[in-house]
Amino acid sequence: KLVSFPKDFLWGASTSAYQVEGAALEDGKGCSVQDVKEVIHGTADFKVASDFYHHYKEDIEMMAEMGLKTFRFSIAWTRLLPNGTGEVNQKGIDFYNNVIDTCIANGIEPFVTMYHFDLPAALDIKGGWSNPETIDAFVEFSKLMFENYGDRVKYWLTINEQNMMILHGAAIGTGTTTQKQLMQDNHHMLLAQAKAMKLCHEMCPNAKIGPAPNISAIYPSSCKPEDILAADTFSAIRNWLYLDMAVYGEYNATVWSYMREKDILPEIKAGDMEIMKEGKPDFIAFNYYCTQAVSACDKDESSSETTGDQQVAVGEAGVYKGVDNPYLPHTDFGWQIDPVGFRNTLREVYSRYRLPIIITENGLGAYDQLEEDGSIHDDYRINYLRQHIEQMQLAISDGVKLFGYCPWSAIDLISTHQGFAKRYGFIYVNRDDEDIKDLKRYKKDSFYWYQKVIKTNGED
Ligand code: BGP
């Protein structure tokens, strides 16, 4: 028998600062790595985005109309500390005070990501996460947030998708390219996270904090033992390295031996591992889009699979090879869709860590069509989300302690790589990559559908 969603389940939705705010250089904001990176040809830059900076009131009111119990957004480090450290920008502090207060006035719990891909450019120039000083800068930034917002924000997320930044660094915020250095950057980020979690508990004893990686179950491509081993190794590299450290303060053993084998172990200073153990999460948040299938891969074999002229999956020679999963459909943008994999992933994470879980991203990137009457018929998005919500309920029935769900995204915003054409929102923003237009907001069909889901606590 299906167990219902908990009464106080946090139905929400997500955004991130650099993808939604715009006003990239307004009111004293400094440049982040996203503001200075070369824009992919044909896609919008981040200067205006959805202009949430000027529309936040109207946007949050629309979210309230949709019934959101929580809104997950991120704070732009460079709005508070334009140079990443040092001089504080009061206008930046005020902006998030306004966002938080508007949420609360509308009955929405603010769920704050501290850092979402937008490292200050001033820190990047000095080596970014390769430079241990960035750890101190992150702690300074954390302290500033806890001091200013800790009286009202009950939920904090440390670093969005650290694992994706390490696996696909250059594209989303880390410029580092050698694997050894990436593992060092990773170690520094893990230290920064542990320190922030500890500080949060000291400064805001009533608040809760957790990590927010992107987690997905990894499937072996067959029942061949070597494929199963490859899937297990990749899952450790992709998923467990991050959560084992956050929860247990220890390096995952499989990843440790993988790093030793490849001679890419990070340098660990005296006291580092004590710090890792001191900062503990209260919950686990993770983003889920789809699972990944892998097979074993010999040292001299190509580790990426190509179908036609499209590379469908990548891997690492001698470790694993990403393969296309023939059982799963794809989105318009080639991402596989796997609602059952969502249940698998939830079960796996819960049984490994036994901490309450919130989903901080899940959603469908698609081309939406604004009709002349102002409607947007995104039944494909409704189908996608409905199937994932069904699997969440099954996972809850399996015993997983799930306390919230924040699909990506509350409102249309700029995709990490594919500009404005790839939309995720419940709320449509009238602009495209070439033309900023009037930025008017429209409710998609999914807006009304999600409103009903929330009203009926998931019974829709
Ligand atoms: C996650 C990121 C988000 C978001 C989402 C969709 O990895 O945390 O910032 O953008 O993916 O990805 P994309 O924009 O590439 O479609």
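The model is predicted, so to speak of local features a pLDDT of at least 70 is needed, side-chain atom pairs count only at pLDDT 80 or more, and totals for chains, interfaces and linings use all residues. Residues are numbered from 1 along each chain as its sequence is written.

**The annotated site**
- An unreviewed UniProt entry places the feature "active site" at E361; such annotations may be inferred rather than shown by experiment.
- E361 sits in strand β12, residues 357–361 (strands are DSSP runs of E, at least two residues; helices are H or I, at least four).
- E361 counts as buried because it has 23 C-beta neighbours inside 10 Å (buried means 20 or more other C-beta atoms within 10 Å, exposed 12 or fewer, with C-beta atoms placed from the backbone).
- Beyond its neighbours within four places in sequence, E361 is in contact with S14, N287, C406 and W408 (contact means C-beta atoms within 7 Å).

**The ligand shell**
- The ligand is surrounded by 15 residues, and the closest are S16, E161, G365, S415 and T416 (C-beta within 6 Å of the molecule).

**Helix α5**
- Helix α5 covers residues 90–105 and reaches 22 Å from its first C-alpha to its last.
- Its buried residues are G92, F95, Y96, V99, I100, T102 and C103.
- Seen down the axis of α5, these fall within an arc of 160 degrees, so they line one face of the helix (the arc uses directions from the helix axis to the C-beta atoms).
- On the other side of α5, Q90, K91 and A105 are exposed.

Terms used
Contact = placed C-beta atoms within 7 Å. Expected span 1.5 Å × (residues − 1).
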